[in-house]
Amino acid sequence: MGLVVSAIAFLFAVAVLGAAAKRLPQASTVVYGGTAAACALIALWAALRLAGGGPDAALVLPVGLPWIQAHLRADALSAVFLIVVNLGGITASLFGWGYERAHHDSHSGPQGGSQDGPVLPLYPLFLAGMNMVLIAADAFTFLLSWEFMSLASWLLVLSTHREPETPKAARLYIIMASFGTACLLLAFGVLATAHGDYSFAAIRDHAPAAGAAALVVVLILLGAGSKAGLVPLHVWLPLAHPAAPSHVSALMSGVMTKVAVYAMIRVLFDLLGEPDWWWGGVTMGFGALTAVMGVLYALMQDDVKRLLAYSTVENIGAIVIALGLALVFKAAHTPVIAALALAAALLHVVNHSLFKSLLFFAAGAMLTATGSRDLNRLGGLIHRMPTTAVLALIGATAISALPPLNGFVGEWLLFQAILNAPALSEWSLKIEIAVVGAALALATALAAACFVRLYGIAFLGRPRSRAAGEAVEVGRAMRLGMAVPAVLCVVLGVLPTPLIRLFEPALRLLVEAGPFDGRAYQPWFWLAPTSAIGNSYNGLIMLVVIALLSVVLVLGIHRKASDRVRWSIPWGCGFDGPDPAAVTQYTASSFGQPIRRAFGSTVFRARDHVDMPAPGDTRPARLSVTWTDPAWVVVVEPLSRAVGWLAEKANRLQFLTIRRYLTLMFLALVVLLVMVAVTQR
Amino acid sequence: MSDLGYDVAHMLGAVVLLMSFALLYQRRLFSLLNVFTMQALALTATAAWQAYSHGEPHLYITALLTLVLKAILIPVALHRIVVKMKIHRTIEPALGIGLTMVAGVSLVTLSILLVLPVTADATALTRENLALSLSVVLLGLLMMISRRNAVSQVVGFMSIENGLILAAVGVAGMPLVVEMSVAFSVMVAFIIFGIFLFHIRERFDTLDMQKIESFRGESD
């Protein structure tokens with residue numbers, strides 16, 4: 001434990017160095033190298049303790065509030081998330097080092113990392129904040145670390161303040177972050193009131209009454225949910241995540257949302273005691289809404305990083321569905337199935353942190369190479385940036401949940417848990433889980449469409465702009481930063497069982513069972529969790545089958561296909577003659593249109609406007625698409641109107657006479673005294 | 001403590017409270033100052049009686065301080081201010097007298113309802129005493145908000161302080177330092193108030209808060 005604390009302290013030291021040595025050319029090497037080293041240390045520590053069968057390292061630091069002090073503790077759950085956070089930290093540092101140098105050298109990057117705000121001192125602080133949240137073992141330290149994490153990431157978003165959209169994104173982010181922290185503050189307040197002790201150990205021993213527990217569940221879903229991006233609290237996320245430099249976007253989207261998931265798991269499974277069945281129902285409902293809405297949003301984006309941010313919303317939805325299922329099964333006293341659902345959640349947490357980091361890195365590489373995040377200005381990058389293209393393909397395949405990659409395993413486990421719904425006794429839950437399962441299937445299918453669109457438009461076809469045509473492959477550090485998560489995506493897809501075995505201590509801690517309990521035959525290459533249906537999955541066989549099929553297909557095409565040479569323009573859409581590449585090829589909007597037509601016109605009020613010139617006019621026809629986010633219309637706008645109205649009313653308080661001020665205070669005093677008198681009865 | 005000691009202490013505390021009501025009832029500044037003097041005298045008597053019956057000689061000092069400061073020095077000074085500023089004929093309740101009295105009575109009820117259950121394990125004298133002094137404090141606040149004139153607001157403030165002293169002498173074992181510091185802070189407050197009153201008068205030609213408000217930059 002001392003090691004982890006020292007590593008975090010080292011991150012702070014690196015931050016100071018980053019601030020002090022800002023002008024030096026070696027500063028970024030020192031900061032990113034130091035951060036990667038500290039992250040590697042923590043990740044290794046957590047992995048070793050976890051492999052050793054459940055760590056329980058604790059430490060009390062003599063800082064913080066005098067009567068509480070800072071309780072730190074790393075149990076199995078913390079260890080799982082420590083691995084996720086610090087693995088993300090290592091790859092992001094590696095990528096960020098190359099990214100920063102690329103943008104430093106070019107001096108003309110549209111999102112110049114080093115010319116804009118101070119990323120170097122804030123970057124290690126952000127990672128330190130996330131690590132501190134994971135090892136906090138009392139409410140005060142937790143909230144402090146949480147706020148620290150939020151503020152560091154907020155400042156990192158602000159580091160690109162010269163871009164026109166950043167101020168709005170940053171303002172919305174700080175509002176939502178404050179809202180989330182306020183909810184968490186209230187939640188921990190309710191949890192601690194029983195005995196006035198803020199340490200997690202005391203809270204765990206004195207589970208709150210049913211009413212208070214219900215309040216805590218709602219507050220946690222609002223508080224941690226706003227950080228994770230649950231619909232309808234997601235509105236800040238697609239604005240803020242893409243605004244930061246790409247490696248920070250990767251951390252915010254791939255890792256920080258997982259810290260929010262950690263907060264949910266910690267409170268819902270650990271601190272609150274025995275769950276009620278409806279907690280899981282509510283959680284699942286939110287998750288399903290989030291998954292479907294998130295992917296629909298993602299399908300309508302033309303900005304690569306914003307698309308990825310919306311896709312994070314979708315993946316968080318899937319994770320939250322798994323959490324809800326685990327809660328339901330835990331309440332129904334079928335711990336093995338609960339462990340199965342929770343294992344699906346944790347696996348998806350790891351998976352998403354890997355492939356979302358990878359995809360954000362790929363977006364950063366595209367941005368470095370072409371200077372654009374607009375899908376409609378990319379295209380044909382597979383020829384210019386082959387390594388990035390292959391690695392991005394792995395990421396896109398993984399996030400689309402295609403076998404034999406890791407995304408598939410996570411979704412498969414989740415569906416295994418969903419298929420156990422008939423074992424439940426509440427009819428409402430059985431029906432809800434069926435609906436949720438259908439929604440999840442829809443979301444997964446749409447996600448696949450979404451990433452076919454992303455990959456196809458960005459990497460295939462012809463370049464849609466001069467910059468895309470002249471792109472060059474990014475540096476070695478950036479490619480390596482992408483390669484590490486890509487390799488892990490493949491490895492975890494083929495051999496997921498050892499990782500799930502690694503989770504077992506955390507699962508035993510939270511639901512008192514492992515997903516493999518009750519199965520005698522358990523080789524390490526075969527994933528066979530216990531469930532009512534008794535299915536199993538083998539990534540190795542899947543890999544071999546897919547490889548064989550590919551070979552057969554390739555050979556068949558090469559042998560059997562006609563070898564007559566045909567010349568035509570790729571993506572010509574029937575046009576012959578002059579190269580129609582940029583104008584007439586299939587665009588991102590074209591790809592999204594069928595789905596936008598099917599869902600968008602009702603859910604998002606999407607409208608296509610065609611500006612058709614009169615016959616004889618040489619002006620080109622233009623298609624423009626408008627859509628509105630229902631969360632803005634239903635939640636954010638009424639809320640901001642209400643706040644504005646209230647502020648208007650409260651503003652009058654500024655112009656009262658002295659006697660009225662005294663009267664107000666007097667009345668407040670009297671009201672408080674009356675409340676005391678009433679409660680004393 | 002004997003029954004007599006209890007009764008007398010109770011009675012003296014009640015007189016202080018009665019004077020608070022009398023303060024609320026006054027319409028003229030001179031009579032207001034006179035009633036305030038009487039409240040201070042009653043407070044002096046309370047302190048002296050507590051010193052005698054409890055055998056705590058340091059309370060005599062409190063009594064002496066109260067007598068000199070509250071019953072002689074401050075009323076005389078305020079009297080001179082009123083004469084000097086020629087505002088002794090001012091009639092100035094901002095709230096109707098009847099309404100103020102009703103509010104005062106309900107405040108006393110509230111403080112009794114509040115204090116008696118909270119201090120269930122304290123001695124009877126302390127409980128009564130705390131209820132009385134809380135009432136005096138609340139009535140002083142009520143006085144401050146129900147009057148327009150700055151001088152009577154100062155008197156309201158001073159009577160709040162009387163309530164605090166009443167609570168202090170009623171609780172056994174309150175160290176002298178507390179009372180001394182309260183007394184001196186009131187002294188300082190009074191001096192500042194005096195200076196301010198003259199400055200306000202000099203600048204705005206009135207002590208009526210309603211009129212002074214209109215000089216504030218932001219109000220319309």
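This is a predicted model: local features need pLDDT of at least 70, side-chain atom pairs count only at pLDDT 80 or more; totals for chains, interfaces and linings use all residues.
Me: How do the axes of α5(A) and α10(A) cross, and within what distance do they come?
Reply: The axes of helix α5 (residues 139–158) and helix α10 (residues 246–271), both of chain A, cross at roughly 160 degrees and come within 12 Å. Angles over 145 degrees count as roughly antiparallel, so α5(A) and α10(A) are roughly antiparallel to each other.

Me: Which residues of α5(A) and α10(A) make the contact?
Reply: From α5(A) there are Phe142(A), Trp146(A), Met149(A), Ser153(A), Leu156(A) and Val157(A). The α10(A) side gives Val248(A), Met252(A), Met256(A), Val259(A), Ala260(A), Tyr262(A) and Ala263(A).

Me: Left-handed or right-handed, the way α5(A) passes α10(A)?
Reply: The crossing of α5(A) past α10(A) is left-handed.

Me: Switching to salt bridges. How many are there over all chains?
Reply: The count over all chains is 13 salt bridges. One of them pairs the side chains of Arg306(A) and Glu165(A), at 2.9 Å from N to O.

Me: Where in the chain do Arg306(A) and Glu165(A) sit?
Reply: Arg306(A) is in helix α12 (residues 304–331) of chain A, and Glu165(A) is in the loop between α5 and α6 (166–192) of chain A. The two residues are 141 residues apart, so the pair links distant parts of the chain.

Me: What about α12(A) and α17(A), at what angle do their axes cross?
Reply: Roughly 155 degrees, with the axes of α12(A) and helix α17 (residues 427–459) of chain A coming within 11 Å. These two helices are therefore roughly antiparallel to each other, and α12(A) passes α17(A) in a left-handed crossing.

Me: Which residues are in that contact?
Reply: Among them are Leu307(A), Leu308(A), Glu314(A), Ile321(A) and Leu325(A) of α12(A), and Ile433(A), Val436(A), Leu440(A), Phe451(A) and Arg453(A) of α17(A). By class, the contact of α12(A) with α17(A) has 16 nonpolar, two polar and two charged residues.

Me: Now chain B against chain A. How many residues does the contact take from each?
Reply: Chain B gives 19 residues and chain A gives 18 residues. About 1,700 Å² is buried between chain B and chain A, and carbon and sulfur atoms give 74% of that area.

Technical notes. Residues are numbered from 1 along each chain as its sequence is written. Chains are lettered from A and ligands numbered from 1 in the order in which they are written. Side-chain values use heavy atoms; hydrogens and water are left out. Axes are lines fitted to C-alpha atoms, for helices over the stretch in contact, and angles run from 0 to 180 degrees between N-to-C directions. Helices (H or I, at least four residues) and strands (E, at least two) are DSSP runs, numbered from the N terminus. Angles under 35 degrees count as roughly parallel, over 145 as roughly antiparallel, 65 to 115 as roughly perpendicular and the rest as oblique. A crossing is left-handed if the near helix is turned anticlockwise from the far one by less than a right angle, and right-handed if clockwise. Contact means heavy atoms within 4.5 Å. Buried area is the accessible area (1.4 Å probe) that two parts lose on being put together, summed over both. A salt bridge is a side-chain nitrogen of Lys or Arg within 4 Å of a carboxyl oxygen of Asp or Glu. Ala, Val, Leu, Ile, Met, Phe, Trp, Tyr, Cys and Pro count as nonpolar, Asp, Glu, Lys and Arg as charged, and the others, Gly among them, as polar.
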